[in-house]
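User: Hi! I am new to protein structures and would like to learn how to read one. Could you walk me through this example?

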Amino acid sequence: ECDWSSDVCSSDLTQVRLSEPLEAGNSVHVDSLVLFLIPAGHYGDENTEMKVRVYESFKKLYLDSIYYSNMDITDSIGINPVGEKNVQATDSIVKIYLDPLLGEKLLSDSAALQKQTDFLEHFNGLYLAPPEIILGNGAIIQYNLLSFDSKLTIYYGNSVEDSLSYDFIINSSCARVNFFKHDFTTADPGQKINHLDDGIQDTVIYVQGNSGVMSRIDLPSIGAWGDSVPIAINKVELILKVSPDDSINQKIYNLPDQFNLLIKNPEGAFQLVDDNSYGDDYFGGLLQDNECHFNLTAHVQHYLNLEESDRLNYNYLTQFYLIVKNGNYLSNRAVLTSALNTLNIQLRFTYTKIKN
């Protein structure tokens, strides 16, 4: 899949679980094994056709573990695909026939079919590899794995009956990992950021989901308001604007509906801004009329209440990281204006001076 800023390859690793204990019977024979996937939308060229390949996974996943989107699993999947299918970006359902031998493996351990923990030891799950583009300019298809209709169905018979079926399910108890790989060398040279870490700013900033791009926004001028303390901050708004220079691409690559704003502590860990705890309606982040507003009132008040000497130690509180909200599964991206653009970023203060 590809978009304006880079070629993006996405893939998925997921467990499947028993829907209920299964007694497959004697003299079991597998007729077919089918993976059903329910698309939840696409991002990119709607005329794209891609070949999706499915592999057996040999990677143990645990629901309570943390996995990263750049994790290397090349030695944890089967050598050959167990199924493949050409799909369209606009498909309403995807039906992939898998190798019946995999179905025989699923039913081979009768004890594992009785208990969920034993089954997860018996079968690790499936890997959906990065699709190969057949036609079109590329797209990222989002699948709703938690849909009741997204499942792995086996059709089989035994010594008593020939036409039986059973659903292995994918639900919120399944460990699932999305993987993203970006090739930024493929970016449109006309849209490239020309200055990185050289003290020179561009007139635009970029934000992209799927572990793509974030932008850091430094607001050192906040500290200058400390000289006015004591003041009561009524409202502080950070206002971001979509660049009109990218209007053509926006028709293909939809803008995100919402952004999020983070700070990074001295240990390098990202954390939420104080105002985020009051909910989206208060904090903001929605993109409306090509503008995004964030309410930073509590955050700025907390920073200004620090002693001046402490503010130097907490300088990271004036550095914000803009990301696509839910970018762990949303691919949308945006070109926004920087402080040097005529439609520049704004920091709007409303305050009350307190008399001593």
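Analyst: Happy to! Let's start with one idea: two strands count as paired if DSSP finds at least two bridges between them. Here, strand β16 (residues 231–241) and strand β20 (residues 291–295) run antiparallel and are joined by five bridges. One place to look is Leu240, which stands opposite Cys292 in β20. Keep in mind that this is a predicted model.

User: Thanks! How many helices and strands does the chain have?

Analyst: The chain has six helices and 23 strands. Of its 356 residues, 47% count as buried.

User: Back to β16 and β20. In which order do the strands of their sheet lie?

Analyst: To read a sheet, follow it from neighbour to neighbour. This open sheet has four strands in the order β19-β20-β16-β23, and the pairing is antiparallel. At the edges stand β19 (284–288) and β23 (346–353); each has a single partner strand, so one side of each is left without a neighbour in the sheet. From one strand to the next, the twist averages 15 degrees.

User: Which helix lies across this sheet's strands β16, β20 and β23?

Analyst: That is helix α5 (residues 297–304), which runs at about 125 degrees to β16.

User: Which strands form the other open sheet of four?

Analyst: Its order is β15-β21-β17-β18, again with antiparallel pairing. The edge strands are β15 (215–218) and β18 (270–272), each of which pairs on one side only. Neighbouring strands in this sheet are turned by 40 degrees against each other on average, direction ignored. If you zoom in on β15, you find four bridges to strand β21 (residues 319–324), which runs antiparallel to it. There, Asp218 has Gln319 of β21 as its bridge partner.

User: Why might I look for buried side chains in groups?

Analyst: In soluble globular proteins, nonpolar side chains tend to be buried together. In this model, the largest nonpolar core has 36 residues, and Leu35, Leu98, Phe119, Leu152 and Phe168 touch the most other members. Strand β3 gives the most to this core, with four residues. Apart from that core lies another, of 34 residues, including Leu238, Leu255, Val273 and Leu296.

User: Which residues does Phe119 touch, leaving out those up to four places away in sequence?

Analyst: Phe119 touches Val16, Arg17, Leu18, Leu106, Ala112, Leu113 and Phe168.

User: And Ser163: is that residue buried or exposed?

Analyst: Compare its relative accessible area with the cut-off: exposed means over 50%. Ser163 has 65%, so Ser163 is exposed. You will find Ser163 in the loop between β11 (151–157) and β12 (164–169).

User: How far apart are Ser163 and Asp31, in sequence and in space?

Analyst: They are 132 residues apart in sequence and 8.9 Å apart in space, C-alpha to C-alpha. For the chain overall, take contacts between residues at least 6 apart in sequence: 80% of them join residues at least 24 apart.

Technical notes: Residues numbered from 1 in each chain as written. Predicted model: local features only at pLDDT ≥ 70, side-chain atom pairs only at ≥ 80, totals over all residues. Heavy atoms only, no water. Helix = DSSP H or I, 4+ residues; strand = E, 2+ residues; numbered from the N terminus. Axes fitted to C-alpha atoms, helices over the stretch in contact; angles between N-to-C directions. Contact = heavy atoms within 4.5 Å. Buried < 20%, exposed > 50% of the residue type's maximum accessible area, 1.4 Å probe, protein only. Core = buried A, V, L, I, M, F, W, Y, C linked by side-chain atoms within 4.5 Å.
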